[in-house]
Amino acid sequence: MVSPSPAARPAPPTNVKGARVLVVEARYYDDISDELLAGAQGALDAAEAEGVVVTVPGALEIPAAIAILVEEAARAGQPYDAAVALGCVIRGETGHYDIVATESARALMDLSVIGRLPLGNGILTVETMEQALARARVSDLNKGAGAADAALAVLALKRAAAAAPVGED
Ligand SMILES: Nc1c(NC[C@H](O)[C@H](O)[C@H](O)CO)[nH]c(=O)[nH]c1=O
Ligand SMILES: CC(=O)[C@@H](O)COP(=O)(O)O
C-alpha cells in the first residue's frame, strides 16, 4: 500500500485577503479536532482571511450548521465568503460509519454546488485512529489546512470570475 505523503501546499491566493470564512468542526475526537482546527486556522492566517469557528457534536450535524449559519449571516448583512468542514469519522462495528461518512459528504457537496458556496471538506473518513492522527496532524498530512486551502481556492476563482465575467467584451 502506498503511504500518503504530505502534499505540497499551494501559496495562498492573492485575492482572498479579508475573506470571512465559517469553520464548522465536529468535535467527536478532541485530539483530532485540535489538529484539524490548528491546520485550518494556519491556512486562513496565511491567506489573511478571518475564520469564525463553530462546534457541533458530530459530522452529521455539520451540513445543517453551515446551511443555517450561512443563511443567518447573509440575513444579518455579514455574509460568509466560504466555509470549511472539519471532523473525523472512524469506522466502528456497524454500518453507521457509511451513513455518517457518505451523508455528510453528500450534503456538503449539495450545499457547495447549489449554494455556490466555496467549501472545503476536512471530514476525515478512516478505519483507525492511527490513520486519523496521520491525516490530522499539522506536522504530518495536515488535512485541516488542505480543506481550508481548497475553500480559499474556489473563493479565489469565484472572485476572479465576478471581477472579469467570461465573455465580457
Ligand atoms: N461515529 C461518529 C459520529 N457519529 C455521530 C453522528 O455524526 C451524529 O452526531 C449522530 O448520529 C447524531 O445525529 N460522528 C463523527 O463525527 N464521527 C464519528 O466517528
Ligand atoms: C462512525 C460511527 O458512527 C461509528 O463510530 C459508530 O460505531 P459503531 O458502528 O460501532 O456503533
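Predicted model: local features only at pLDDT ≥ 70, side-chain atom pairs only at ≥ 80, totals over all residues.

**Entry: ligand 1, the shell.** I began by listing the neighbours. Around ligand 1 I found Tyr 28 and Tyr 29, then the run Gly 58, Ala 59, Leu 60 and Glu 61, then Cys 88, Val 89 and Ile 90, and finally His 96 and Val 100. Sorted by class, that shell comes to eight nonpolar residues, two polar and one charged.

**Entry: ligand 1, polar contacts.** Next I went through the N and O atoms. The side chain of Tyr 29 has an N or O atom 3.3 Å from an oxygen of ligand 1. At Ala 59 a polar backbone atom sits 2.9 Å from a ligand 1 oxygen. For the nitrogen side, I looked at Cys 88: a backbone N or O atom there is 2.7 Å from a nitrogen atom of ligand 1. I then checked cover: on its own ligand 1 exposes 440 Å², and the protein buries 74% of that.

**Entry: ligand 1, which elements contribute?** Strand E3 (82-90) and helix H3 (96-114) are the elements that give two or more residues to the shell around ligand 1. E3 gives the most, with three residues.

**Entry: ligand 2, the shell.** I repeated the listing for ligand 2. Its surroundings are Val 89, Ile 90, Gly 92, Glu 93, Thr 94, His 96 and Tyr 97. By class I get three nonpolar, three polar and one charged. Which elements supply at least two residues each to the shell around ligand 2? They are E3 and H3.

**Entry: ligand 2, polar contacts.** Ile 90 has a backbone N or O atom 3.2 Å from an oxygen atom of ligand 2, and a polar backbone atom of Glu 93 is 2.7 Å from a ligand 2 oxygen. Thr 94 uses its side chain, with a polar atom 2.6 Å from an oxygen atom of the ligand.

**Entry: H1 against H4.** I moved on to the helices. Helix H1 (residues 30-46) and helix H4 (residues 129-136) have axes that come within 9 Å and cross at roughly 20°. Angles under 35 degrees count as roughly parallel, so I wrote H1 and H4 down as roughly parallel to each other. H1 passes H4 in a left-handed crossing.

**Entry: H1 against H5.** Then I took H1 with helix H5 (residues 143-163). These two pack at about 40°, their axes 6 Å apart. That angle makes H1 oblique to H5. Left-handed or right-handed, I asked of the crossing of H1 and H5? It came out right-handed.

Key: Residues numbered from 1 in each chain as written. Chains lettered and ligands numbered in written order. Heavy atoms only, no water. Near = heavy atom within 4 Å. Polar contact = N/O pair within 3.5 Å; in protein donor to acceptor, adjacent residues only side chain to side chain. Areas by Shrake-Rupley, 256 points an atom, 1.4 Å probe, with all protein chains shown as cover. Helix = DSSP H or I, 4+ residues; strand = E, 2+ residues; numbered from the N terminus. Nonpolar A, V, L, I, M, F, W, Y, C, P; charged D, E, K, R; others polar. Axes fitted to C-alpha atoms, helices over the stretch in contact; angles between N-to-C directions. Parallel < 35°, antiparallel > 145°, perpendicular 65-115°, else oblique. Left-handed = near helix turned anticlockwise from the far one by under 90°.
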